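The model comes first, then the terms and the details.

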Amino acid sequence: MGLDMNDIKLDTSAQQASGEPIVQMRSLNKHFGSLHVLQNIDLEVAQGEVVVVIGASGSGKSTMIRCINGLEEFQSGELRVDGHDLAPHGKASRALQTIRTEVGMVFQQFNLFPHLSVRDNVTLAPMKVRGLARTDAVTIAERLLDRVGIRDQADKYPSQLSGGQQQRVALARALAMEPRLMLFDEPTSALDPEMIGEVLDAMRELAKDGMTMIIVTHEMGFAREVADRVIYIHQGEIVEQGVPEDVFDNPRNERTQNFLARVLKH
């Protein structure tokens, strides 16, 4: 079996037909000691939707999306991901194991295995987690590396690649698990300016193909272009959300206005 981006289009159409949001948060609260990082977060993400999360550093953006695949535990509230309920306090569950196979994530840092080639970085999870034969995993890897524009780098090692190339390998690796949801935690923040565009281009193509995505980013032009909905978080609270035109051009909340006035003038 192989993975083609056309298959992803069909899969996401089926997801949208099911009707249930792929992510549902109800009164979600997260604490780091005495610090109340997430405060009564209510959020639904529809299947096939692209949601971009913006806000100042330390506002809780990354923590919120890391709760979705159990990388951060939450203390109270409800969290349902792709039909599976996650328990508070990080309690181990079969649901969490399932969610981690269905939710892909791309981090600020690339987290590639330096001793493995690009091809082997991408094939590892499908072979170990999904039990695919190497020939099938290689077929998937090469299609995805071609999809993100670096198939010609398959035999190289991460240290031989630019930062932008490494991040595209990380994207291909996440897609190799055939995720139903992709999370992006500031995927361009560790890149030199000239490398940011190539990663954003790969993400634009995913958005066009209908992949469900939640993206934490400081790239406001990209957010305006690809988002179905923009969410602004301030000190652990969702204070404004809407279509990009409303949030960027006519923000209602004074805190959103102040934030955008700072970031958009640079």
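## Terms and model

A crossing is left-handed if the near helix is turned anticlockwise from the far one by less than a right angle, and right-handed if clockwise. Helices (H or I, at least four residues) and strands (E, at least two) are DSSP runs, numbered from the N terminus.

This is a predicted model: local features need pLDDT of at least 70, side-chain atom pairs count only at pLDDT 80 or more, and totals for chains, interfaces and linings use all residues. Residues are numbered from 1 along each chain as its sequence is written, and side-chain values use heavy atoms, without hydrogens or water.

## H4 against H6

The crossing of H4 and H6 is right-handed. Helix H4 spans residues 118-128 and helix H6 residues 163-175; they pack at about 25 degrees, with axes 8 Å apart. Axes are lines fitted to C-alpha atoms, for helices over the stretch in contact, and angles run from 0 to 180 degrees between N-to-C directions. H4 and H6 are therefore roughly parallel (angles under 35 degrees; over 145 is roughly antiparallel, 65 to 115 roughly perpendicular, the rest oblique).

From H4, Val118, Asn121 and Val122 meet Val169, Ala172 and Arg173 of H6 (contact: heavy atoms within 4.5 Å). Four of these contact residues are nonpolar, one is polar and one is charged. Ala, Val, Leu, Ile, Met, Phe, Trp, Tyr, Cys and Pro count as nonpolar, Asp, Glu, Lys and Arg as charged, and the others, Gly among them, as polar.

## H6 against H7

H6 also packs with helix H7 (residues 193-208), at an angle of about 20 degrees and with axes 8 Å apart. That makes H6 roughly parallel to H7. Their crossing is right-handed.

Among the H6 residues in this contact are Gly163, Arg168 and Leu175; H7 residues include Met195, Glu198 and Leu206. By class, the contact has six nonpolar, four polar and two charged residues.

## Nonpolar cores

The largest nonpolar core has 50 residues; Ile54, Leu171, Met182, Phe184, Met203, Met213 and Ile215 touch the most other members. H7 gives the largest share, eight residues. A core is a set of buried Ala, Val, Leu, Ile, Met, Phe, Trp, Tyr and Cys residues joined through side-chain atoms within 4.5 Å. Buried means under 20% relative accessible area, exposed over 50%, partly exposed in between (1.4 Å probe, protein chains only).

Beyond four places in sequence, Met203 contacts Phe184, Pro187, Met213, Ile215 and Phe222. A second, separate core of 29 residues includes Val23, Met25, Ile41 and Ile68.

## Glu219

Glu219 sits in the loop between strand S8 (213-216) and helix H8 (220-226). Glu219 is partly exposed, at 25% relative accessible area. Beyond four places in sequence, Glu219 contacts Thr188, Ile196 and Leu200.
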